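Me: Could you take a close look at the helix packing in this model for me? I'd like the contacts, the geometry and the residue classes, with the cut-offs spelled out.

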Amino acid sequence: MISSVLPTYSRAPLTFVSGAGSWLTTDDGDRYLDLGAGIAVNALGHAHPALTQALTEQAGQLWHTSNLYNIPAQTALADKLVDLTFADTVFFTNSGTEACELAVKMARKYFYDAGAPERVDIITFDGSFHGRSAAGIAAAGSEKMTKGFGPILGGFTHLAFGDHDTLTAAITDTTAAILIEPVQGEGGIRPVPDHCLKGLRDLCDTNGILLIMDEVQCGVGRTGKLFAHEWSGITPDIMMVAKGIGGGFPLGCVLATEHAASGMTAGTHGSTYGGNPLACAVGNAVIDIVSAPEFLDDVNRKAGLLRQRLEGLVANQADVFEEVRGSGLMLGLKCKATNMDVVNAGYANGVITVPAADNVIRLLPALNLTDDDIVQAASLLDAAASSLSQ
Ligand SMILES: *Cc1c(COP(=O)(O)O)cnc(C)c1O
């Protein structure tokens with residue numbers, strides 16, 4: 001008999017009932033070090049007092065009014081994001097995949113209004129992940145995500161990851177945009193080198209097409225800059241954000257330049273919930289904390305510590321691990337053992353990691369994990385690996 005919850009996930013037999021910082025507690029009272037953070041969502045860990053306060057204060061005042069009216073917390077958050085980034089304007093969503101829907105619509109509408117309605121094609125890359133909506137699965141294009149679901153939304157060109165020559169050749173007079181994750185998450189923590197991002201920007205400028213970045217997983221301080229593309233010195237035209245920005249409350253957004261957003265006039269897009277007062281109250285609290293230079297400095301310091309520990313772990317457990325990869329606190333351990341076995345061994349040893357493609361386990365801890373958490377992370381992962389190599 002089908003479970004009451006639609007069985008689209010094969011869930012681990014773990015039931016968490018409370019959390020504090022980087023630690024989760026199960027219904028049996030067992031504690032786990034959370035290096036997954038709800039897949040890069042709990043950017044400030046569990047039960048952060050400033051987020052709890054922001055949410056409960058807003059909950060006592062007003063929950064929802066719709067986007068038919070001004071929402072002060074939404075305007076405040078948009079103003080902050082505009083101040084902090086390349087963007088001139090922001091649309092709020094409830095998830096990453098909704099951000100993908102708008103990014104695609106915005107790019108196509110831009111060219112439609114510019115008198116080039118044939119420019120609809122969006123170039124994407126193998127191993128990418130952009131969510132589970134119709135545009136999201138079409139963008140990623142893998143058989144795993146699209147098979148059996150009928151006609152796939154057209155207008156996506158899928159290219160090999162990291163092949164500049166193929167990319168240059170793939171741009172035609174129907175190309176509208178290139179869509180890329182600066183660091184692939186689901187694809188196995190694969191950073192795009194800075195010089196490649198610069199090359200992408202040049203290619204887009206030369207051909208008059210838009211650069212869309214999906215920073216749903218790598219954004220909001222995860223790599224040690226507020227957004228990952230900042231390391232490369234270039235900026236996108238459109239950017240998708242979600243996951244970390246809500247710190248656990250469903251919130252996403254699309255950031256864009258005035259130019260790229262020029263087609264999105266009144267009535268062209270909408271969302272009932274997107275940017276509602278509760279979500280934006282939390283989003284403001286997250287951005288206030290994460291965007292502070294001292295906070296980002298500390299993310300970089302901790303990223304260095306964790307990386308150093310993980311390099312040691314890989315050296316000690318060469319039967320289980322192959323290498324450390326990634327950027328900031330978005331790290332992957334490429335496994336020699338089967339990655340799911342390593343994740344399960346982690347569960348048995350009290351540490352949570354997240355599997356990804358390319359036989360990688362992902363470490364996406366809360367950005368405010370403590371130095372002691374880092375020491376424990378290495379020792380719990382070492383114990384997990386030892387249990388496998390025996
Ligand atoms: C998670 C993710 C998405 C989809 O976000 P949802 O909130 O699950 O819809 C899109 N892009 C990337 C890079 C992601 O990691």
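Reply: Asp 341, Val 342, Ala 345 and Gly 346 of α11 touch Ala 384, Ser 387 and Leu 388 of α12, where contact means heavy atoms within 4.5 Å. Helices here are DSSP runs of H or I with at least four residues (strands are runs of E with at least two), numbered from the N terminus. Sorted by class, this contact holds four nonpolar residues, two polar and one charged; Ala, Val, Leu, Ile, Met, Phe, Trp, Tyr, Cys and Pro count as nonpolar, Asp, Glu, Lys and Arg as charged, and the others, Gly among them, as polar.

Please keep in mind that this is a predicted model, so local features need pLDDT of at least 70 and side-chain atom pairs count only at pLDDT 80 or more, while totals for chains, interfaces and linings use all residues. Residues are numbered from 1 along each chain as its sequence is written, and side-chain values use heavy atoms, with hydrogens and water left out.

Now the geometry. The axes of α11 (residues 339–348) and α12 (residues 371–389) come within 8 Å and cross at roughly 120°; axes are lines fitted to C-alpha atoms, for helices over the stretch in contact, with angles from 0 to 180 degrees between N-to-C directions. α11 is therefore oblique to α12 (under 35 degrees is roughly parallel, over 145 roughly antiparallel, 65 to 115 roughly perpendicular, and the rest oblique). Their crossing is right-handed, that is, the near helix is turned clockwise from the far one by less than a right angle, anticlockwise being left-handed.

α12 also packs with α10 (residues 293–316), at about 15° and with the axes 10 Å apart, so α10 and α12 are roughly parallel. α10 passes α12 in a right-handed crossing. On the α10 side, the contact includes Arg 301, Lys 302, Leu 305 and Arg 309, and on the α12 side Asp 371, Ile 374, Val 375 and Asp 382 are among the partners. The contact of α10 with α12 has nine nonpolar, one polar and five charged residues.

One further pair is α2 (residues 49–59) with α9 (residues 277–290), packed at about 155° with axes 9 Å apart. That angle makes α2 roughly antiparallel to α9, and the crossing of α2 and α9 is right-handed. Among the residues in contact are Leu 51, Leu 55 and Gln 58 of α2, and Pro 277, Val 282 and Ile 289 of α9. By class, the contact of α2 with α9 has 12 nonpolar residues, one polar and no charged ones.
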